[in-house]
Each structure stands twice: as structure tokens, then as C-alpha cells.
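Hi,

Here is the structure I said I'd pass on. Have a look first, and my notes follow below.

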Amino acid sequence: MTTATVTHHGKRVVRALGTGAPVYVLLAVLLAALAFTDPGFYEPDRFLSFVKRAAPLVILAAGQYLVIVCGEFDLSVGAIVTAGVVVAAELYGSFPGAPWLLVTALLLVAGGVAGLVSGLITTALRVPSFITTLGMMLILEGAVFFWTGGSPQGALPTAFRQLGRGAAFGWLPWAVIVCLVVGAAAVLLMRSDFGRTLVATGDSERAAALAGVRVARARIIAFVLSGAAAAIAAVLVGGFSGVSAQAGRGYEFEAITAVVLGGVVLGGGRGSVVAAMAGAFSLQALFTLLNLQGVSGALESTVQGCIVIAAVGLGAADWSRLRRRRTNPSGGQAS
Amino acid sequence: MTATEPGRLVPPRAGVRLRRIRLGDPVVGVWLAALTVTLLGWIVVAARGGDFLTTTNAVAILQNSVALGLVAVGQSAVILTGSLDLSVAYLISLGTLVAAETMASGGVVTAVIAVLALSAAVGLANGLIVTGLKVNAFIATLGTAFILRGWIEDNYTGPAGKVPASFQHLGYDRVGPVPVSVFLLAAVAAAVWFLTRRTRLGHHMYATGGDEHAARLSGVRTRRTVVIAHIICSLCVGAAALFLAARLGAGAPWAGTEARYDLESIAAVVLGGTALAGGRGGVAGTLGGVLVLAVLDSVFNQLAVDPFFKNVVRGVVIIAAVAVYARPRRAAKGRPTA
Amino acid sequence: MTAIRPLRRSPLRGRALTSAAALLVAGLLASCTSDTPPDSPAAPGSASASADDSGSGKQSEFFEQAEYDRQLALAKEQPQGPAGKPWEQMLSPELIDAARYKKQKAGGVHLCFSNAGVFNPWRQVGLKNMTAEVELHKEITKFTVLDAQGKDDKQISDIQELTGKGCDALIVSPNTTATLTPAVEQACAKVPVIVFDRGVETDCAVTFINPVGGYGYGAVAADFLVEKVKPKGKILALRISPGVDVLETRWSAAKVAFDKSELDVVDVKFTDGDPAKTKSVVTDALTRHGSIDGVWMDSGATAVAAVEAFEDAGQDVPPITGEDQQDFLQAWKEKKLTAIAPTYPTFQWRTPVIAALRILQGQQVPKEWKLPQPSITQDTLDEYLKPGMPPLHYAMCGCADLPGFPKDWGGKG
């Protein structure tokens, strides 16, 4: 645990240790298993292509972390990814010559707006975010396919797909760079005052409010950032694999699973963004391992379910004594 | 979304508290909403020259409420205790398969017992993972869902088994205009209502969902309560699987998942005024929520609405309904708490 | 659920609970790893070179030799009917007399359709075909469509609802074969029923319309690879998901062909129809096996992703099978692939309307209306690849002469 747990306060280091440690062990085990299964796995281009594949999930996990750590949920990220890919294809269907930077920027803004709406409904109307984002998921998927008549009408041009598919200098995938940038931004964000505000909001809203934190604003910003992160993921996914009407299917659960694997507690207030992203890498490593091992396609999900439960369970069990010693303001884990 | 009480899926908010006098009880609200949707549907369909309030439609609405109703009633029980079950969809699929296969080889009674035993076992597993391993319910039941999925995909290559005609009566017969299966739903709902409202266990469920910490301090065996709630939920899901098997005449690996019973049931529960955080709400509201969704579906059917547009409307309705329930409590925001 | 069976209902309190839960997970984990049957498709794909016997796994329970033989025979047959209109053609029809269904009362036809759903582009293109076909016939004054959104339960209710609506004829596209049977039987008693795409387990419908079928599809694709790939070549088989009847038949027919050939099926993988997962699967297969000499797919939705995976790995794209989806046909032409596109034609959505009208006029229709199932080959590629159509369009739609083409299908020009 020499890794940068992004905290200064001793208490929070303990907390981060308590919630984050198992994921690094899990990741190390999985990476070792990958090396064992496939000796060529750590050749630079192979490893980079692994990171490239993991990038969308890592970015989604970073976004999801921001929402979860302040005590909310974002179930709409999968729908935002699907909608993003379909909307991009639709835009290119109507304006084939559109510059990729503009389309990407538009998607980012649109993702942010979707997050803004979720955030406003959640904070101003006091609708639980599980419901808000579930509704948002239905609305986005429905609206986008209603608009396109069921399937996207255009194709994504090479320039737009470069970010998800191409490589800088011929060897470094753009997706890896994007992933690093987003990861670094997330770490910096969590180190800033805003990051502390966010964690405080999730830890105890009341205490945060009394200390002068504008909790509603913090939450709304978290939702906006999660939406924007989902839009970035959409650009990468669309770039990586092209137009698909189900590009983001299941991503919401994968992202939440990744964050929880990282030891972040649903309900907020605990966990580090680095661990959340490590959780995403672990999940992707697990997928890759299952694929390389040649586990029957049918049993893959069973193994995945077992490992997720076991990992989270072990994480909770190992450190439960530590946690119980605190006068736990959030009751227990059986949320 | 008030939650001054801790230990919930959704975190506490500052300075919010239940008012003593609730402006608009959600249960009343959701049944009013069902009525309103029916009336609106009737007007709109009539304006198009159709007839909404026919026996055929009424039967279809009731019939379509049964499967979701059974699941949602079970889901209410877990949500009341502050937990959640995302594994219901795959459990339904597996339940129909087990039911149909057992009926094909053994008898109907054996099949019913087998399905309920399977359900109870899955519920027990969910409950133990949530309470014993302290895995958050969201992740725990998602994990169980994946395990069940793998199990189904590895063992079944499509619809399997055969349900004898004698058992299909459950899915197709009617007493007058009322489908037999509606009585099943009524019986299950009544049983769960009785359990939650009239027994000590029920009080413990509300207490655990309301404030687990406080409940534990006052001597409630919260973990046991959560485990039992999960078993109740899974048993209801088992009943839904049996009903679907009767209706489908065979087991289908996608019976539960294509209909998205996991998220739909949660939506129905929340639509019925049960707080996702636990401790508030109940079966009566849930049934209203199911009815609203079924009536909406029927109206969409009559008007031949684009299926994608349906989702948009459903999303808006769900958010709007919950926003309305939250309104009185929003008004109470900022009142000093004790 | 053997995983749960070892656990007795211990008294649920305190420590016992924790340890019971731990035991449970241990049980789950143990069962996870040990449950793979030795002869399941998993085994051969694993790390060993698997050059021994057939690598394609066990045969599907769905495989029926008689039906397989029948489909392969039908595929070779010359269809009867108007040339250039495959949706009106039929293969070895056994005509039946529909006089008793002749519409008695005067006035327009009320046609009803219970649709399984529009949850994939194939069904979306199909529904557009059907709607346009209805527009061609002025005698149809009312066309009611109920969409079951992929739910068997809802489709049963939909069918019941439609039989109470005064339909003159009912078209059903079942969501699931077995489960819709009772509902269709009930409907048959009240109204002439036309079933298409998937069948039901009853012959009470006036006619059942479907193309040659999954065995024909899978065999065409496999035979193409057997012809184009050198012996001992490594074949990667990509499937959408397990347990879908129409897809199981495709794979089982391909398996028969591969087992007979000298080809070596090194991997059979499920992609969930997700292009990103497909790319990962292909990339992993390339690293594991060094090279892949042919790709067999059970449907075309992810074919382009597979092609790109080879490009991204800097390898030549080997012979590959896809489907008649626009994006694959485009990639085929632009990248000069060695490819074939067997189809499960969407023009079959036109036929039920035509059949319904014939039945209501008392004309003869075949008991099982078998439609031809053309494949797109190098020679016919240009004929089917129409510029300006959206990427997920299905070229074998027979829709070029329908009103509203190409705009209603999302095309330009």
C-alpha cells in the first residue's frame, strides 16, 4: 500500500486503507494470473491494448465514483454511452463533414447536460438518485431510438474514431492517453477543496451543510462530471467498435461494480478514486482472463458473479473490525 | 428521500424530517394516479374512436399486472428493510425452467415445491451475503444474478420442459372476468401485507429499514430480519415464476430478463410510495404502482404508441411520481430536527 | 443450485451467520470452478493446442437430423413463383384450400399483427417492410399492431386482446416458439392465423411462413470457409449468445460441416452481439493462436468489429462470413474481403400480408410457406449494396419497390 491514497488526514488514510486495500491485492493477483496464462501479456503493445480496452470502463468508474462518494447513484451512464454513439452517428448522417473535435465537444456538453438534469431532479425535487437516473436511462434510450427510428442512420468516420481506435506516434493508443488524463484530472479533483467537499457531503450531509458546504451544488457538479465522463466513454467506445445500437448496454452495472470493488462504499463518504479506477482495471483484467482461460462462455458470468461477491465480501470482512470501532454514523453495510 | 435515518442506500439529508401530518399519503396518491391514468386513457382512446373500458382490456390489464405484481410485492418486502434485490429477473427465468422440467418428469406438486425451495435457497443466499458478508445489497444481488445467469446459460439452450394442461389453468382460466392468477396475486399480496403490517416480524422490518442502528440497539435482530425479507421476496418471485410457467406452457431462459423484472419491479415499488431507503411504504402502494404501469401499457397498446416512446413516458412518469411524493417532505426542509 | 444445497438452515444468529455466509461463498466458488462438464464447449478452447479431435464442442440439443436434411435439400431447390419477387416465391409448397376462411362480410379488411418486438435492427427493417406492404393494398382499411417488447407474457395477452378486436386475420411473429403455442391455439379458434419467422408447436395456423432456416444459413457459411480456407486452417466461431433457438441451428449445421472437414475450430465464443466485446475476443484469439485463418459468425451484427480487430492487429483479414447488414457489405467492398453473407431475409415480413389477403379471398396457400433464402456472394455484392442506406440496414429486404423507399428505411437519395 505505497500507492497514492489521496489523503492527508491520518484518519482518512486508515479509512482508505480499509476500503481500498483489497482491490490492489485483487488487481495484482489478476495481473499475475494473466502473466501466468499468457506470457506475452506484458509485451508493450499487448499491454497497451489491454489498457485501451479498459479505458472506457475506467473513465466511467471515475465518473461514477464522484457520484457514489457523495452518496448518490448514476444508473444512466450506460444509456448515455449508447445515446452518445447513436447521436454521433446520427450527426454524421446529417452532416458528413462535421469536424470530429466539434462532435466530441458536443457530446461532452450533452452528457454534462444529462447529468445536470439528473442532478437538479435529485437535489431540487428530492427524488432518490436511483430513481432519477433509472428514469433518465429509460428516457434517454427511448428518446434516442424514437428519434432514429430504432437504429442510427449514419456511420462514424475515421477521424472521429481515431480517439478510440488509433494510436499516437504509431504506438501509444489515444484511448490510453485519454484514460491517463481523465484519471489524473480525477485525482487532482479529489485532492482539491471540491473533492473534500464531495467526500464530506457523502459522509454526513448534515455536518457538511453546517460547515457551510453547498451540498446540493456539490452533488449537481458530481452528476455533471459523471455525465461528461460517460460521454467521453461514448467517444472511446464508438471509436473502438463503431456504430452499435447497444454500445453502452450493461456499462452502468459494470461501472458501479468497479467502484464497489475499489472499496468505495455505496452511500458515500468513503473510498478513493484511484481504488475505484483500480476496480475498473480489475474487472477488465477478469474479463480478459476469463476469455484467455477459455472458460465456457456460458459459465463466464457465474465466475464473474462469484468473484465480485467474494472480493467485496472479503473487503468488508477483513476490515470490519476497524470500521466497527468507529461510532459508525451510517449504521451498517446492509443498506 | 428524507432519511434522517442512517444506513440506507441513499444517504441522509440534513434537517429533513417527516411531517406528522402527511400531505397526500402515497398509497392514496398512487391509487388516485391509477384512476386518473385510466380516465385519461379512456378519454384519449374514446377521442380516437376506440373503446377503452371493455372487458377484453380490463382482463388484459389485470392479467398483465400479475407477474410484475408478484415480483413487486416481494421486492417491497426487501426494500422496506432497506435492502434491494436485483437477482429477481434471473430467478424468474430459472424458476420457469425448473417448474416446467419438473412438471414434465415429476408431478405438479413436486414442481411447485422444487421452485419454492429453489427460491427460498436463493433468497437465503442473498440475505446471508448481504448480512453475513456485509456486501452491499446492490452488489450482492447483482452478483447472485450473474451466478444464476451463468447457471442458466450453461444448462439450458432454450425453452425447456412442458407444463401439463392441468397447471396451465392458472395462467389462462378466468372466474367471470377476473383471471384466476389475479387471485394468486391477491393471496400473495394479502399474505405479505399481513406479515409486514400485523406481525412482530413486520414491525422489525419497518424498524430495520427505518434505522438499522437504532433497531439493533432496541433489540431487533436486524440481520435475521433482512435475511427473512430476502427469503420472502424470493418466494414471491418463485410464485411469479410458477405463474409464468403456467402461462407460457414451458420454461424460458429469458422469461424474466426480457421483461426487465429487476428494474421494473423496483420502479413499481417506488411508484407505489415505498421509500427506496427503507422503512416507509408497503404492499398496498406497490399494487397501485403495478396497476399504473399496466394501465399505461394498455393505453399505449390502444394508441399504438411507438415502443421506444413508451420508455420515455415511463421514465417521466416514474420520476414525476416520486417527485410528487417527495414534495411534502421538501416543504418540511429546514425545520429544526430533534 | 448445488451451490446452495450443502448449506443447512442453521440458526441465523451472530457469528454463525458470518461463518455460514463464508461457507456459502466458499461453496459457490468451489462449484464455480468445478462445474464445467468435461465435454462442454469450454474444454477444447483452453490453453492446450487442441489439435486433437474436433474443437467445436458437443452438438447442440437442438440438432435434428431430419430437419437439417430437409433444409439443405430445400436450399438447393428452385422456387416457384414470380421471378425477382422472392417474397412471393415458395419452395415445394403443399397447397391447401383456404375457401373456408373467405371473408364473408363486405367492406375493408382489418388486419392485425402481434409482434414480438422491435428490439433489433433486423426486426425494425422487417416491420418497415410489413407496414409498407400494407400500404400497397388499398383493401386493408385498418392495420393494428401490438408490440410485445420481447415479453412472452405480454404477447400472450396481446394475442388474446387482438382476437377480441374484430380482426379479419391475425399475423403472429412469436417471441418464443414453445411458449406462444397455447395462445395461438386459442386464437386459431376465432380468426385465421398466419405465423411467420419463428414457428409455434401447433399446426392450427392457416400457414406458417419462414425462409429455409438456420441449418441452411449455418451450412452456407461453413461450406464457404471449408472451400476457401486451406486444410488444418484455424477457424474462430463467433456466436451471439447461447440458448437462442434460431441461432443454435445455425451453429449446429456449421459444426456438422466443420467436423467433416479438415478445418480446426480453435475457439467458439459468445459475443453478446456487442462489437466491443467482439473486438476483444478476436484480439485475444489472435494472440492465443498466433493467427486465425477463417471466421465463422452466426449473425452479421458484429462482423465489421471482427474485421477491424484483424486490421488493428496488423493482420490480413481471413475469409469471413457475415450477414446482409449494410456496414458489413460496405466493408467487404471497400476492403476487398473474401467473404460471404448468408441471409435470414427481412423480405419475409412482406409475405404474411400477401398471404392474409389470399386467405381472405379464399385462394390457396401453402401449409408451410417456405421462402428462398438467398446468400450474397462476391458476384451479387454490387447488386445488393445500395449506397446511402444506414449501417444497420439489411440489404435482403426486398424493399426497393415499396412506397417510401429509401427514406422510410433511413436511406438517402
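**Helices 3 and 4 of chain A**

In this predicted model, helix 3 of chain A uses Ile80(A), Gly84(A), Val87(A), Ala88(A) and Leu91(A) to meet Val103(A), Leu107(A), Ala110(A), Gly111(A) and Ala114(A) of helix 4 of chain A. Contact here means C-beta atoms, placed from the backbone, within 7 Å. By class that makes eight nonpolar, two polar and no charged residues (nonpolar is Ala, Val, Leu, Ile, Met, Phe, Trp, Tyr, Cys and Pro; charged is Asp, Glu, Lys and Arg; the others, Gly among them, are polar).

Helices are DSSP runs of H or I, at least four residues, and strands are E runs of at least two, numbered from the N terminus.

**Chain B confidence**

Chain B averages a pLDDT of 86, with 89% of residues scoring at least 70; pLDDT is the predictor's confidence in each residue, from 0 to 100. Residues 1-23 of chain B stay under 50, and residues 333-338 of chain B are also below 50.

**Housekeeping**

Residues count from 1 along each chain as its sequence is written, while chains are lettered from A and ligands numbered from 1 in the order written. As the model is predicted, local features need pLDDT of at least 70 and side-chain atom pairs 80 or more, while totals for chains, interfaces and linings use all residues.

Cheers

Conventions:
Contact = placed C-beta atoms within 7 Å.
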